[in-house]
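This briefing is intended to be read alongside the sequence and the coordinates.

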Amino acid sequence: MTPELLFSHVGTAAMAGWALLILGPRRFAWFNAIPLWVIPAGLSAVYAALIFSRFSGMGGGFDSLDNVAILMSDRWALLAGWVHYLAFDLFVGAVMAVRMDRAGVGRLVQAPILLSTFMLGPLGFLIAALVELGLRAAMIPTQTRSLKGQAHVAA
């Protein structure tokens with residue numbers, strides 16, 4: 001199998017996971033497991049196979065930007081890096097979707113956040129985290145009067 005063909009297959013799998021995550025119903029636990037566990041685990045297995053079968057004897061490394069550039073000049077190493085991104089971004093997106101569901105973020109608001117996680121990874125994660133944090137902070141009860149000698153807050 002060529003790197004290009006494998007790239008196509010892993011990309012299709014990741015796209016299916018993102019489509020299920022963004023468009024699919026989340027009321028079924030077995031359905032949620034597909035973008036949360038099944039597809040990221042499959043991509044992780046592909047990643048492991050690439051690492052164990054292709055990385056011995058490659059030049060470069062992770063100790064400097066120049067060595068990373070040398071490592072990524074190999075198409076198999078570049079593909080492994082891409083599969084790494086696909087697996088982690090989908091997993092993080094699925095976890096953030098669950099968290100946003102629990103925080104009460106509507107699906108229409110989640111869709112662009114999840115798309116940004118798909119396209120821009122850490123930026124989408126940051127947006128999701130800030131939205132969740134903002135909603136959770138808005139739900140914290142606030143103090144209505146001095147607590148000097150009292151132990152209650154407004155409910």
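This is a predicted model: local features need pLDDT of at least 70, side-chain atom pairs count only at pLDDT 80 or more; totals for chains, interfaces and linings use all residues.

**Briefing: salt bridges, core and surface**

Arg26 and Asp101 form a salt bridge through their side chains, with an N to O distance of 2.8 Å. Arg26 belongs to the loop between α1 and α2 while Asp101 belongs to helix α4, so this pair ties together parts of the chain that are 75 residues apart in sequence.

**Salt bridges**

- The structure contains three salt bridges. Side chains of opposite charge can pair when their charged atoms come close.
- Within the pair described above, Arg26 has a relative accessible area of 16% and is therefore buried, the limit for that class being under 20%.
- Another salt bridge joins Glu4 to Arg75, whose closest N and O atoms are 2.7 Å apart. This pair links distant parts of the chain, since Glu4 is in helix α1 and Arg75 is in helix α4, 71 residues apart.
- Glu4 has a relative accessibility of 42% and counts as partly exposed.
- Arg99 is bridged to Glu132, with 2.9 Å between the closest N and O atoms. Arg99 lies in helix α4 and Glu132 in helix α6, so parts that are 33 residues apart in sequence are tied together by this pair.
- Is Glu132 buried or exposed? Glu132 is buried, with a relative accessible area of 4%, whereas Arg99, at 39% relative accessibility, counts as partly exposed.

**Overall form**

- The secondary structure consists of six helices and zero strands, and the order along the sequence is α-α-α-α-α-α.
- The radius of gyration of the chain is 21 Å, well over the 15 Å that the globule rule gives for 155 residues, so the chain is more spread out than a compact globule.
- Along its principal axes, the C-alpha trace extends over about 70 × 40 × 20 Å.
- Of the 155 residues in the chain, 29% are buried.
- Among contacts with a separation of 6 or more, 63% are between residues 24 or more positions apart.
- The chain exposes about 9,700 Å², of which carbon and sulfur atoms supply 71%.

**Nonpolar core**

- The largest nonpolar core comprises 26 residues, and Leu21, Leu43, Leu50, Met100 and Leu114 have the most contacts inside it.
- Two or more residues of this core come from each of α1 (3-23), α2 (29-54), α4 (75-103) and α5.
- Which element gives the most to this core? Helix α4 does, with 12 residues.
- Beyond its neighbours within four places in sequence, Leu21 is in contact with Arg26, Pro35, Leu90, Gly93, Ala94, Ala97, Arg107 and Leu114. Among these contacts, Arg26 is also a salt-bridge partner of Asp101.

- Leu90 is found in helix α4 and is buried, with a relative accessible area of 0%.
- Not counting residues up to four places away in sequence, Leu90 touches Gly17, Trp18, Leu21, Pro35, Ile39 and Pro40.
- The C-alpha atoms of Leu90 and Gly124 are 11 Å apart, and the two residues are 34 residues apart in sequence.
- Tyr47 lies in helix α2 and is partly exposed, with a relative accessible area of 29%.
- Apart from residues up to four places away in sequence, Tyr47 touches Ala80, Val83 and His84.
- A C-alpha separation of 8.6 Å is found between Tyr47 and Leu79, which are 32 residues apart along the chain.

**Nonpolar surface patch**

- Met119, Leu120, Leu123, Phe125, Leu126, Ile127, Leu130 and Leu133 form a nonpolar patch on the surface, and together they have about 780 Å² of accessible area.
- Helices α5 (107-120) and α6 (122-138) each supply at least two residues of this patch.
- Helix α6 gives the most to the patch, with six residues, while Leu120 is located in helix α5.

Conventions. Residues are numbered from 1 along each chain as its sequence is written. Side-chain values use heavy atoms; hydrogens and water are left out. Patches are made of residues with over 30% relative accessible area and no salt bridge: like charges are joined within 9 Å, nonpolar side chains (Val, Leu, Ile, Met, Phe, Trp, Tyr) within 5 Å. Accessible areas come from the Shrake-Rupley method with a 1.4 Å probe; for residues, only the protein chains shown count as cover. A salt bridge is a side-chain nitrogen of Lys or Arg within 4 Å of a carboxyl oxygen of Asp or Glu. Helices (H or I, at least four residues) and strands (E, at least two) are DSSP runs, numbered from the N terminus. A nonpolar core is a set of buried Ala, Val, Leu, Ile, Met, Phe, Trp, Tyr and Cys residues joined through side-chain atoms within 4.5 Å. Buried means under 20% relative accessible area, exposed over 50%, partly exposed in between (1.4 Å probe, protein chains only). Contact means heavy atoms within 4.5 Å. The radius of gyration is taken over C-alpha atoms; the globule rule is 2.2 Å times the number of residues to the power 0.38.
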